[in-house]
Amino acid sequence: MGQIKRGALIVFEGVDKSGKSTHCKKLVEALENFKIKAKFMSFPDRSTLTGKLIDNYLRNKECQLDDHAIHLLFTANRWEKVDQIKSLLNDGVTLIVDRYSYSGIVYSAVKKNMDLNWCKQPEIGLPKPDMVFLLSISQEEIMVRPGFGSERYEHREMQEKVADMYLQLSRECDNWEVINTARSIEDVQDRTCEEMCREN
Ligand code: T5A
Ligand code: NA
């Protein structure tokens, strides 16, 4: 029997409401149509023990938690899944992941008194993505999307800093594709599929 080809780890990043979930799911469907085994995963996973604390922190703006502590909870929420991630990839499943280490780094590092280098440390050792799609869109367009403003980080000042730091990271890494997501859902989907086919 031939060896199973390892699946790819594909990550979608972007500001809140940039369309990550929508496009992750569309990409999974497209891959499955090509008979490629694919699975959707998202962070934070709010259903686990750490995920419940994170959910409470995000939804309840009164919840007090030190910035370092919540940073480590977000990272722990990824480490909880590391065995599952590795085993799916080894089984040849391509994982399409809605937010990953870069969300962890960026959303914490833009806060006052948080050091970028410190934020990166607890992510070291997690499986590295093969490709990162950064969904890029203006604040004006984001703020009118359904549901914007309901959670802790969904305000203009934070989102603008996050968008800037994402762009900075995208220039430092060569496996990032920046995609303008202000276009129609179908246009964005065509772009991500095109990129995936080019890589395969
Ligand atoms: N966070 C997260 C950290 O601080 N550290 C971490 O380590 C991690 C993992 C919650 C918060 O946690 C922070 C970041 C966040 O502030 P989340 O649950 O992923 O993270 O929160 P959101 O990014 O807000 O997730 P959403 O699911 O709400 O947004 P998505 O997935 O970006 O967007 P989506 O696909 O749900 O689309 C939003 C709306 O826009 C429409 C969709 O239909 C939907 O209504 N839409 C479009 N409309 C027009 N044109 C298009 N091209 C469209 N694409 C989507
Ligand atoms: Na959100």
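The entries below go from the sheet to one helix.

Entry 1, ground rules. I am working with a predicted model, where local features need pLDDT of at least 70, side-chain atom pairs count only at pLDDT 80 or more, and totals for chains, interfaces and linings use all residues. Residues are numbered from 1 along each chain as its sequence is written, and chains are lettered from A and ligands numbered from 1 in the order in which they are written.

Entry 2, the sheet. I took helices (H or I, at least four residues) and strands (E, at least two) as DSSP runs, numbered from the N terminus. I counted two strands as paired if DSSP finds at least two bridges between them. I found an open sheet of five strands with parallel pairing, in the order β2-β3-β1-β4-β5. β2 (38-42) and β5 (176-180) are the edge strands, each pairing on one side only. Strand β4 (residues 131-136) runs parallel to β5 and is joined to β5 by five bridges. I noted that Ser136 has Asn180 in β5 as its bridge partner.

Helix α3 (residues 67-79) has 13 residues and spans 19 Å from first C-alpha to last, close to the 18 Å expected at 1.5 Å a residue; the expected span is 1.5 Å times one less than the number of residues. Which residues of α3 are buried? I listed His71, Phe74, Thr75, Asn77 and Arg78, where buried means that 20 or more other C-beta atoms lie within 10 Å of a residue's own, with C-beta atoms placed from the backbone. The buried residues of α3 fall within an arc of 150° seen down its axis, so they line one face of the helix; the arc is that of the directions from the helix axis to the C-beta atoms.

Methods: A residue is buried if 20 or more other C-beta atoms lie within 10 Å of its own, exposed if 12 or fewer, and partly exposed in between; C-beta atoms are placed from the backbone.
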